[in-house]
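Here is a short report on one protein model.

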Amino acid sequence: FRSLRQMCAKESAHKEFKKAVGAFSVTYDFENYQLVILSTNDITIKRAGMLSDMHFRSLRTKLSLMLRNEEASKQLESSRQLASRFHAQLVVRDDLMGLAIGTHGATIQQARNVPGVTAIDLDEDSCTFHIYGEDHEAVKKARSYLEFSEDVIQVPRNLVGKVIGKNGKLIQEIVDKSGVVRVRIEADNDLDRKS
């Protein structure tokens, strides 16, 4: 009962009813447990009388469905927690999120496909991955796909060309052999700005 009253307190719950009866306003009076309908038209009273039972039945049905949905969500979360006994939380720097997700979601999908991983959720606002799995190793392996770090190596200006190599061959070889995902070469003035 109390939940139905709370639902009635929301003006949006009566939007369709207000339109159907032709009222200016439909509000809920907590003290008298009744709807207050404001209108200058007599036909509104007749319509309200005819449609009020249907309106309250509709509200009860909506409430029942909301409660069932909440219960189902709780059960789903509970079963997910049973199946996902292991959990890891990984915060990724905002500028590395693109790498963690991958092109068209390829990297996160690869992590989700690790045997034993039951779910990977992403909170985009905080750049946090929640990895759930049946065992610690599965969670750890999935995390390794999503975890990126950055390292800065300063190379003297006179050796930059040698590190890059002819047509970028040497730097590409370094990338291929080391598993580095991205190399960014910054000019001296970029480094000075960061300091």
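## The hairpin

Two strands pair if DSSP finds at least two bridges between them. Helices (H or I, at least four residues) and strands (E, at least two) are DSSP runs, numbered from the N terminus. This is a predicted model: local features need pLDDT of at least 70, side-chain atom pairs count only at pLDDT 80 or more, and totals for chains, interfaces and linings use all residues. Residues are numbered from 1 along each chain as its sequence is written, and side-chain values use heavy atoms, with hydrogens and water left out.

Strands β1 (residues 25-29) and β2 (residues 34-38) run antiparallel, joined by five bridges. Thr27 has Val36 in β2 as its bridge partner. Four residues lie between the strands of this hairpin. In the turn, Tyr33 has a positive phi of about 55 degrees.

Phe24 sits in the loop between α2 (15-21) and β1. Is Phe24 buried or exposed? Phe24 is exposed, because its relative accessible area is 58% (buried is under 20%, exposed over 50%, partly exposed in between; 1.4 Å probe, protein chains only).

## The largest pocket

The largest pocket holds about 1000 Å³ of space. A pocket is an open set of points on a 1 Å grid over the protein atoms alone, where a 1.4 Å probe fits, with protein on both sides within 12 Å along at least five of seven lines; lining residues have an atom within 4 Å of a point. Grid points are joined across faces, edges and corners, and a volume is the space filled by probe spheres set on the points.

The lining has 31 residues. Asp151, Val152, Ile153, Val183 and Arg184 lie nearest the centre. The largest share, four residues, comes from α8.
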